[in-house]
Amino acid sequence: MKTIRKSLIIFFDKSGKLLIQDRREINKQGKPYGFFGGSIEKSETPEKAIVREVQEELSIDLDYFKLVKELNDKNNELDLKYYIYLAHIPNKDKINVREGKLYFTNINDVLSLDLSDRDKSILKDVLPYIKVF
């Protein structure tokens, strides 16, 4: 069974706004919206991976972020491990998006977006942490 590890981050602010990735112009398959982040390389920790991914996708350095959930999803062929982080929305003037576009939404509307079932499940698990972060 092949293991794939991914670090994902959900950006938010105290007003209930979320920042996710609009992938409509870059994603040839899959859903048009999702989280920033990606695969963890063999030599990386999940923390180093999310720092690298955010740097690659948004051209910013993460100051403070917190691991709030580890999820496992196994099927017949794959063992998927997700490390879910939260961070405050960075100053958008400092962001230089390299993959996709920024999409701002709010906690009440995010689940109505065209997200994968897995991403919706992750959000349902993580939303309570946003309220206490």
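These legends describe close-up views of a predicted model. Local features need pLDDT of at least 70, side-chain atom pairs count only at pLDDT 80 or more, and totals for chains, interfaces and linings use all residues. Residues are numbered from 1 along each chain as its sequence is written, and side-chain values use heavy atoms, with hydrogens and water left out.

**View 1. The largest nonpolar core.** This core has 22 residues. A nonpolar core is a set of buried Ala, Val, Leu, Ile, Met, Phe, Trp, Tyr and Cys residues joined through side-chain atoms within 4.5 Å. Buried means under 20% relative accessible area, exposed over 50%, partly exposed in between (1.4 Å probe, protein chains only). Ile 10, Leu 18, Ile 84, Leu 123 and Ile 130 touch the most other members. Elements giving two or more residues include β1 (2-12) and α2 (117-130). Helix α2 gives the most, with five. Helices (H or I, at least four residues) and strands (E, at least two) are DSSP runs, numbered from the N terminus.

**View 2. The salt bridge between Glu 25 and Lys 101.** Their side chains meet at 2.9 Å, N to O. A salt bridge is a side-chain nitrogen of Lys or Arg within 4 Å of a carboxyl oxygen of Asp or Glu. Glu 25 is exposed, at 66% relative accessibility. Lys 101 is partly exposed, at 41%.

View 3. Glu 56 and Arg 52 meet at 3.3 Å, N to O. Both lie in α1 (residues 46-58), four residues apart, about one turn of the helix. Arg 52 counts as buried because its relative accessibility is 17%. Glu 56 is partly exposed, at 33%.
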